[in-house]
Amino acid sequence: MVKSLKYTRNIGIMAHIDAGKTTTTERILFYTGITHRMGEVHDGAATMDWMVQEQERGITITSAATTTFWKYNDEDYKINIIDTPGHVDFTVEVERSLRILDGAVAVFCAVGGVEPQSETVWRQADKYKVPRIGFVNKMDRAGADFLSVVSQIHEKLGANPVPLQIPIGSEENFRGVVDLIDMSAMVWYEDSSMGVIYQREDIPEDLIEEAREWRNRLIESVADADDSILEKYLDDPDSITNEQLSNAIRKATISMSVVPVMCGAAFKNKGIQRLLDAVVSFLPSPLDIESIKGINPRNDEEVVRNPDESEPLAALAFKIATDPFVGRLAFLRIYSGKITAGSYVLNVRTGKKERITRLYQMHANKQNPKEVIGAGDICAAVGFKNLRTGDTLCDEKKPVLLESITFPEPVIGIAIEPKTQNDIDKLGVALNKLSEEDPTFKVRYDEQSGQTLINGMGELHLEILVDRLKREFKVECNQGAPQVAYREAITATIEHREVFKKQSGGRGKFADIVVRISPADEGFTGLQFVDEVKGGNIPKEYIPSVQKGFAEAMHNGVLAGFPVESLKVVLLDGSYHNVDSDSLSFEIAAKQAFRHALPKTKPVLLEPIMKVEVVTPEEYMGDVISDFNKRRGHIEKMEGKAGARLIRARVPLAEQFGYVTVLRTLTSGRATSTMEFSHYEKVGPEISRKILESSTGQKESA
């Protein structure tokens, strides 16, 4: 049994697609005794990639959670692991996992180095202040270069990478590592049992000098975080013991002043045991990180919750999943207190109590039932009726609201319709469940065209969702061509008076508002609403209805019905009628004011711009750049990378459909590309006219 929270680690495995994250996790599960055979991603048998779609494509789509144990220095450590996706379409899975983790292992490919998605997940980990260990994988591959990857981590990610090992041999001759802490060699032998057995040996003669140099660099790097190490280093570097050095590395890692870097070849089972040792040695326990801060919803005062079972409950729901056997599973990180099966907890967002019928410790898609889960742990719960990703669960008597998780808006959509009349209801239920699971998946019904539109983060994202509709929910759908999720924005300010009157025999309707509508302040998205009504000309209880009316109207802009990205509305004045005015009248007045005033604010269309990176052999560079120019692309940077060229560009999403196929054709299948959302940008007049014509044509034909 785990004695204290200091023996618990909540970690995530994060990386660029194909760096070997899932293979690394599979090896961790094997060596910690959770699985008895190693599942391979390329065979479609990885434990953590349990969805059919993941096994078919060899990629991770959902972040799977598992709990395992590792013995180190005669102590049992409990490790909760979350294996996150690498594909940029599923970046939300990484975002919500990092929000609740204490530490992470960043996996890099020894050949590819720091790739675009590595940068994205690194920024996300910086945002949530998650300490990291680097693991340079695939050291057995042709072109592997450990020290080159270390320098890329420094240059591209702005981190302070510190090798804890240097490799013995590389490519097909990679056979071990030099441990810079205890200055010994660790060598694996090909005939050993799946890399489980390794031997400690003396450092090879030709590496002794290099190992001493890197050990000195290691001590220099961690000395900044530990004064006692600094004193010893200046007096007598040889007097620093291995234990003192390990403690200093731990302190520097948790303070995020260094990133320890290790290497190995997960597929060949090399380096995983030492990686596990490093996870428990250097990454923080729930006790090492700052106590979580939240807001008391009753008085808006800051509240601190410590990772202690005796404190009041505070937990965050970071993921909702639908399990075919158990139903809706809510993945929870318990920050303080404890949660018991059969108990009631308060959902702060809804203000209602929810009963937890069952609790589980997860192992990928299998569940181990538990009666109680305490602070610092990760679990899954069943029984919630109205729970969303990012909701806070707490003790009813001691409420606290934790910071929620922010999610990017979807940038691409398709229209779908069920193939048969019988599937209409099933489709509604299925879409509702999928949007509960995935906050970046949005469903909306277009009243003008009568179509159901689903929006997501990319073509692969929508393809997987439609596939899940078919397989999990047994709903056959017809789908339209992908459509870009345009936005609308205003560029001018206007003052507008809207009077809404309606008489119908009995009691009528009346509302009168004067508003100033302008572009929102810089950095503000959504509705920025300011109440400047003086002298009670509009009663206070009607003002939220004006705000609600504008917020709802923003879903459909005046140019082509695309959502309005941001808007500032200042309510200046108005009037009301003692009998005929009510909340609904003011809400309708706000919606009408939006429709009548916005055409006079010089509205423009905005389109999503994508950040695209292409790695191509030198001879195809001209063709790739020429193709970008045809797509209204803007080349930002070109640089050499391991015998190839890296091209970075910003390209409108509308021009990027089917790009992977075109790139394969241009480069005989030798180039690779990644694409992620960058920002929204104003569309030029000519393109804007075409978009509006095609949008009107689609609605008329529908």
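Predicted model: local features only at pLDDT ≥ 70, side-chain atom pairs only at ≥ 80, totals over all residues.
Trainee: How many disulfides does the model contain?

Mentor: A disulfide is counted when two cysteine sulfur atoms lie within 2.5 Å, and by this rule the count comes to zero.

Trainee: How should I read a pair of packed helices, and at what angle do helix 14 and helix 15 cross?

Mentor: In general, two packed helices are described by the angle between their axes and by the distance between those axes. Here the axes of helix 14, residues 621-630, and helix 15, residues 659-666, come within 10 Å and cross at roughly 145°, and the crossing is right-handed. Helix 14 makes the contact through Asp623, Val624, Asp627 and Phe628, while helix 15 contributes Tyr659, Val662, Leu663 and Leu666. Sorted by class, this contact of helix 14 with helix 15 has six nonpolar residues, two charged residues and no polar ones.

Trainee: Turning to backbone angles, what is the phi of Met256?

Mentor: Met256, although not a glycine, has a positive phi of about 65°, and Met256 lies in the loop between helix 8 (242-254) and strand 11 (259-263). With a relative accessible area of 33%, Met256 is partly exposed. Arg632 also has a positive phi, near 60°, and is a residue other than glycine; Arg632 is placed in the loop between helix 14 and strand 36 (634-641), and at 31% relative accessibility it counts as partly exposed.

Trainee: Which way do the side chains of strand 11 point?

Mentor: The general idea is that in a regular strand the side chains alternate between the two faces of the sheet. In strand 11, Val259, Val261 and Cys263 point one way and Pro260 and Met262 the other way, and all are buried; the strand is thus described as mostly covered, with five of its five residues buried.

Trainee: Which strands pair with strand 11, and are they parallel or antiparallel to it?

Mentor: Strand 5 (132-137) is joined to strand 11 by three bridges, and the two run parallel; Gly134 has Val261 as its bridge partner in strand 11. Strand 6, residues 161-163, also pairs with strand 11 in the parallel sense, over three bridges, and there Val162 stands opposite Pro260 of strand 11.

Trainee: Where does Asp145 lie?

Mentor: Asp145 lies in the loop between strand 5 and helix 5 (146-157), and its relative accessible area of 39% makes it partly exposed. The C-alpha atoms of Asp145 and Ser170 are separated by 7.5 Å, although these residues are 25 residues apart along the chain.

Trainee: What is the strand order in the open sheet of four strands?

Mentor: The order is 7-8-9-10, with antiparallel pairing. Its edge strands are strand 7 (165-168) and strand 10 (198-201), each of which pairs on one side only, and the twist averages 25° from one strand to the next. Within this sheet, strand 9, residues 184-188, runs antiparallel to strand 10 and is joined to it by four bridges; Val187 has Gln199 of strand 10 as its bridge partner.

Key
Residues numbered from 1 in each chain as written. Heavy atoms only, no water. Axes fitted to C-alpha atoms, helices over the stretch in contact; angles between N-to-C directions. Left-handed = near helix turned anticlockwise from the far one by under 90°. Contact = heavy atoms within 4.5 Å. Nonpolar A, V, L, I, M, F, W, Y, C, P; charged D, E, K, R; others polar. Pairing = 2+ DSSP bridges. Buried < 20%, exposed > 50% of the residue type's maximum accessible area, 1.4 Å probe, protein only.
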